[in-house]
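This report walks through a predicted model.

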Amino acid sequence: MTQRRVSRPISDTELIYSPDTYVRSVPYDALARLRRSTPVVWVEERPVDDWPAGPGFWAVLRHADVRHVLRNPQLFSSHLGATQIRDAEDLDYVRRMMLNMDPPEHSRLRRLLTKAFTPRAVARLAAGIERRARALVDAVAEKGEADFAKEIAADLPLFTLADVFGIPESDRWLMFDWSNRVIGYQDAEYSVSSVFDASEATDMARRAIALRPSGPVNPRSRAGMPDLYAYAHELGEYKRRHPGDDVMTALMHHVDDEDGTVAVEEFENLFWLFAVAGNETVRNGLPGGMYALLRNPAELARLRADRSLIEGAVEEMLRWWTPVMNFRRTATADTVVGNVPVRKGEKVVVWFSSANRDEEVFDRPSRFDVGRAGNDHVTFGHGPHFCLGAHLARLQMRAMFTAVLDRLDDIEPDGEPMRLRSNFQNGIKRLPIRWKPIGSAAGDDLP
């Protein structure tokens with residue numbers, strides 16, 4: 001007699017942790033159930049792919065508790081165990097990144113970087129962002145169909161980061177591969193990303209790509225990204241010798257009595273942060289915003305009829321989609337979060353995709369509302385680690401959706417989206433759409 005195999009029920013904590021869940025969708029129902037019953041809940045770290053089981057962590061799901069953790073680095077450290085759920089294999093290396101620092105080291109680098117984003121530099125970047133967004137949409141408008149994620153959205157953050165760093169535009173898709181490999185390490189396609197074409201690249205890029213590992217490696221270690229670090233080192237040294245009109249030149253040449261100067265090694269780690277994290281939030285926020293509009297055609301029509309809603313609509317896209325879903329801290333002492341005792345050394349993971357749908361903060365949080373007022377989302381974090389690139393991310397999203405509304409009408413899906421397999425980034429790899437073109441190109445050609 002054949003025995004029937006009975007599937008074991010999957011708990012809500014397993015659902016929110018498993019990267020396989022996110023190939024289908026973010027488990028908002030499970031997050032809501034947990035938020036109502038156990039808003040600070042213990043999650044087991046089961047083995048995932050080649051990663052062994054971990055010690056487990058506290059998932060913090062309510063908006064108020066998330067903000068509490070993020071604004072108290074003396075109790076919840078970014079440095080002790082870094083900011084990813086999984087314990088880092090090369091913790092000493094990871095700790096040298098600004099993302100994984102605590103004050104005062106973090107404060108010093110942040111001040112230096114803030115000073116490099118001068119009003120003149122930001123104004124130049126803003127003008128370039130608007131021009132690029134128009135040109136990217138104009139380039140496909142007459143086709144009537146495209147993959148919004150790959151053919152339209154992906155290039156805007158790459159162009160923007162190339163402007164920030166003064167990177168030759170021929171090299172910009174290196175950042176696409178680097179982001180894929182680091183952020184998409186749980187995804188079979190992105191973990192071996194090799195889209196960059198070196199045929200028209202600089203010699204600097206060719207020297208770097210020659211170092212790219214050929215086999216499977218851990219991309220979240222320095223040894224796993226030799227091409228990124230080789231490129232960053234050479235670029236940093238070049239900026240020292242040949243200053244340009246870009247933010248990173250200003251950073252490399254800034255001398256401050258209080259904070260000193262940025263060493264080339266620090267530049268390498270800042271380059272990693274911007275090239276990966278600075279790319280991914282916008283690259284996933286743009287198709288996430290388009291997906292929100294496609295799922296809510298009445299809100300798309302409302303936005304098209306009233307362009308004054310664009311700024312609020314972008315904030316709602318960032319809340320409703322939430323590109324970065326969580327970040328980890330480590331408790332530095334015995335403490336309490338949401339009435340739950342947390343022991344020194346335990347992992348505390350704030351869940352942005354839950355906090356951004358907290359019923360205590362947002363009215364009808366699952367509804368996408370381009371006119372939502374008082375949108376206090378935590379997509380860019382909170383406290384000392386609030387995202388330095390938030391202003392540029394918002395500029396890019398406003399510019400892109402303005403260009404889309406100007407040139408594309410009757411936008412609708414042209415197939416199923418393909419989601420990223422990741423429990424960290426809420427990503428869309430493919431988003432086919434079709435439309436009717438409006439008007440004619442504005443005359444800005446892509447270089």
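## An enclosed helix

Helix 9 is largely enclosed by the rest of the structure, because eleven of its eleven residues are buried. The buried residues of helix 9 are D155, L156, P157, L158, F159, T160, L161, A162, D163, V164 and F165. Two aspartates, D155 and D163, are on that list.

After helix 9 comes G166. The phi of G166 is positive, near 70°.

## Helix 9 against helix 7

How are two packed helices described? By the angle between their axes and the distance between the axes. Helix 7 spans residues 119–141. Its axis lies 10 Å from that of helix 9, and the packing angle is about 150°. Angles over 145 degrees count as roughly antiparallel, so helix 7 is roughly antiparallel to helix 9. The crossing of helix 7 with helix 9 is right-handed.

Helix 7 brings R124, L125, I129, R132, A133 and L136 to the contact. Helix 9 brings D155, L156, F159, T160, D163 and V164. By type, the residues of this contact are seven nonpolar, one polar and four charged.

## Helix 9 against helix 18

Helix 9 (residues 155–165) also packs on helix 18 (residues 390–407). The two axes come within 11 Å and cross at roughly 135°. That angle makes helix 9 oblique to helix 18. Here too the crossing is right-handed.

On the helix 9 side, the contact uses L156, P157, T160 and V164. On the helix 18 side, it uses L392, Q396 and M400. Five of the contact residues are nonpolar, two are polar and none is charged.

## Helix 18 against helix 16

Helix 18 has another packing partner in helix 16 (residues 310–321). Their axes are 10 Å apart, at an angle of about 115°. Helix 16 passes helix 18 in a right-handed crossing.

Helix 16 contributes I310, E311, V314, E315, M317 and L318. Helix 18 contributes R394, M397, R398, F401, T402 and L405. The contact holds seven nonpolar residues, one polar and four charged.

## The nonpolar cores

Which residues touch the most other members of the largest nonpolar core? They are F148, Y231 and F271, in a core of 102 residues. Helix 14 (residues 264–295) supplies the largest share of this core, with 15 residues.

Setting aside residues up to four places away in sequence, F148 touches A153, L286, P287, M290, M400, F401, V404, L431 and I433.

Another core lies apart from the largest one. This other core has 19 residues, among them A331, V348, A355 and V378.

## A331 in strand 5

A331 belongs to strand 5 (residues 326–331). At 0% relative accessibility, A331 counts as buried. Beyond its neighbours within four places in sequence, A331 contacts L75, L80, V342, R343, K344, G345 and E346.

A331 and V69 are 262 residues apart along the chain. Their C-alpha atoms are separated by 9.4 Å.

## Backbone details

Most residues other than glycine have a negative phi, and most peptide bonds are trans. A82 is not a glycine, yet has a positive phi of about 70°. A82 sits in the loop between strand 3 (76–77) and helix 5. With 4% relative accessibility, A82 is buried.

T322 has a positive phi as well, near 50°. T322 lies in the loop between helix 16 and strand 5. T322 counts as buried, at 1% relative accessibility.

P103 and P104 are joined by a cis peptide bond, with omega about 5°. P104 is in the loop between helix 5 (91–94) and helix 6 (105–116).

## A buried tryptophan

W51 lies in the loop between strand 1 (40–43) and strand 2 (57–60). Is W51 buried or exposed? W51 is buried, with a relative accessible area of 15%. W51 and S11 are 40 residues apart in sequence. From C-alpha to C-alpha, W51 and S11 are 20 Å apart in space.

Note on methods. Residues are numbered from 1 along each chain as its sequence is written. This is a predicted model: local features need pLDDT of at least 70, side-chain atom pairs count only at pLDDT 80 or more; totals for chains, interfaces and linings use all residues. Side-chain values use heavy atoms; hydrogens and water are left out. Axes are lines fitted to C-alpha atoms, for helices over the stretch in contact, and angles run from 0 to 180 degrees between N-to-C directions. Helices (H or I, at least four residues) and strands (E, at least two) are DSSP runs, numbered from the N terminus. Angles under 35 degrees count as roughly parallel, over 145 as roughly antiparallel, 65 to 115 as roughly perpendicular and the rest as oblique. A crossing is left-handed if the near helix is turned anticlockwise from the far one by less than a right angle, and right-handed if clockwise. Contact means heavy atoms within 4.5 Å. Ala, Val, Leu, Ile, Met, Phe, Trp, Tyr, Cys and Pro count as nonpolar, Asp, Glu, Lys and Arg as charged, and the others, Gly among them, as polar. A nonpolar core is a set of buried Ala, Val, Leu, Ile, Met, Phe, Trp, Tyr and Cys residues joined through side-chain atoms within 4.5 Å. Buried means under 20% relative accessible area, exposed over 50%, partly exposed in between (1.4 Å probe, protein chains only).
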